Amino acid sequence: MLLTTHGLTRRYSGLVAVDGVDLAIPEGGIHAVIGPNGAGKTTLFNLLTGIVPPSEGGIVFDGQEIGSLPAHRRAALGIARTFQNIRLFSGMSVLENVLTGLHPRLPTGLLATMLRLPRFRAEERDAVASARAALEMVGLQALADAPADALSYGDQRRLEIARALVAAPRLLLLDEPAAGMNPAETQGLGELIRRIAADGTTVLLVEHDMHFVMELSETISVLNFGRLIFAGSPREVRSEPKVVEAYLGARLAAKLHAHAGTTHGQ
Ligand code: ATP
């Protein structure tokens, strides 16, 4: 297994967002975490990348316990991510945005950077070559010098993926990569994710588009109310009563909530 968690738990004053989760993600291929709204998916990603510390439990990446490491150390070990909402630097070019993804791995210290030592210039050349390769992977090489905010929505999401890919991560976490995309963009994204996995990067995605998840993923882990309720192949997940029940329960709760809203308003 490339990544495992053991009793991973995150509490927020009374609420258990992630509750004793034992996740197991094999090396290679495409894997998904699904679950109804509020199930704990984003919190799980935040725990894996070091944005929030666990309340309890551990995370093992490539045989090493990483649960107490800060985010930049985990990035340097090869864990990269994209966020649910686009987070690009709008005043920068497409290429410059990708270069910011190299920050955790640039070995040159701040002083050397400021003094522009020859060593730094060589690193900068390598960095630009890596950034161009990442842009080529996502199909944006022709737009390298364009301002990032001039890109279409779908291309901005691709740019975020290029920024996560530039440091050649071993594990790429994608938080709702298809959100807001039209069907053609979603299809292109699926092809890109397959290319990334074929290139040797293990992909773990959180996604609400069930068709997309089922088509792409080798394994799916299902969260509900912070707990891992099932893990298996798409076929197993589809026919698992616990999963169907969790989704039906969530839909029913949403309907009751909406109904309560309308009756209150009358
Ligand atoms: P969605 O699919 O809607 O994005 P999710 O599965 O990603 O949901 P999380 O965003 O991880 O779910 O939230 C899980 C639970 O933890 C929710 O009840 C949420 O309100 C709560 N939660 C998340 N972050 C915090 C926080 N910083 N403080 C308090 N509660 C939080």
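Is Asn97 buried or exposed, and what is its relative accessible area? Asn97 is buried, with a relative accessible area of 0%, where buried means under 20% relative accessible area, exposed over 50% and partly exposed in between (1.4 Å probe, protein chains only).

The views below show a predicted model, in which local features need pLDDT of at least 70 and side-chain atom pairs count only at pLDDT 80 or more, while totals for chains, interfaces and linings use all residues. Residues are numbered from 1 along each chain as its sequence is written, and side-chain values use heavy atoms, with hydrogens and water left out.

View 1. Asn97 is found in helix α3, residues 94–100; helices (H or I, at least four residues) and strands (E, at least two) are DSSP runs, numbered from the N terminus. The Asn97 side chain reaches the backbone nitrogen of Phe89 at 2.8 Å, a polar contact being a pair of N or O atoms within 3.5 Å, of which, within protein, one must be able to donate a hydrogen and the other to accept it, with residues adjacent in sequence counting only if both atoms are side-chain atoms. When neighbours within four places in sequence are left aside, Asn97 is in contact with Leu88, Phe89, Met92, Ala148, Leu159 and Arg163, contact meaning heavy atoms within 4.5 Å.

**View 2. Arg10 in strand β1.** Arg10 belongs to strand β1, which covers residues 3–12. Arg10 is buried yet has no salt bridge, and Glu56, the nearest side chain of opposite charge, is 11 Å away. Here a salt bridge is a side-chain nitrogen of Lys or Arg within 4 Å of a carboxyl oxygen of Asp or Glu, and for charge Lys and Arg count as positive and Asp and Glu as negative, whereas His and the chain ends are not counted. The side chain of Arg10 does reach the backbone oxygen of Pro53, at 2.8 Å. Beyond its neighbours within four places in sequence, Arg10 is in contact with residues including Leu15, Val16, Thr43, Leu47, Val52 and Ser55.

**View 3. Helix α1 and the residue that follows.** Helix α1 (residues 41–49) is largely enclosed by the rest of the structure, because eight of its nine residues are buried. Among the buried residues of α1 are Thr43, Phe45, Asn46 and Leu48. The helix is followed by Gly50, whose phi is positive, near 90 degrees.

**View 4. Gly226 between two strands.** Gly226 is placed in the loop between β10 (219–224) and β11 (227–232), and it counts as buried at 1% relative accessibility. Apart from neighbours within four places in sequence, Gly226 is in contact with Val16, Ala17, Val18, Asp19, Val21 and Ala39.

**View 5. Two residues other than glycine with positive phi.** Ala168, in the loop between α6 (153–165) and β8, has a positive phi of about 50 degrees although it is not a glycine, and is exposed, with a relative accessible area of 54%. Glu176, in the loop between β8 and α7, has a positive phi near 50 degrees and counts as buried at 11% relative accessibility.

**View 6. Salt bridges.** The structure holds seven salt bridges. One of them joins the side chains of Asp62 and Arg170 (2.5 Å, N to O); Asp62 lies in the loop between β5 (56–61) and β6 (64–65) and Arg170 in the loop between α6 and β8, so the pair ties together parts that are 108 residues apart in sequence. Asp62 and Arg170 are also linked with Glu27 in a network of salt bridges. Asp175 forms a salt bridge with Arg81, with the closest N and O atoms 3.7 Å apart; because Asp175 lies in strand β8 and Arg81 in strand β7 (residues 79–82), this pair ties together parts that are 94 residues apart in sequence. Asp175 is buried at a relative accessible area of 1%, and Arg81 is buried at 13%.

**View 7. The interface of domain 1 and domain 2.** The chain is divided into domain 1 (3–78 + 169–265) and domain 2 (90–162), with bounds that come from an automatic or database domain assignment. The contact takes 20 residues from domain 1 and nine residues from domain 2. The two domains bury about 1100 Å² between them, 63% of it on carbon and sulfur atoms, buried area being the accessible area (1.4 Å probe) that two parts lose on being put together, summed over both. Across this interface the rule finds zero salt bridges and three residue pairs in polar contact, both residues at pLDDT 80 or more.
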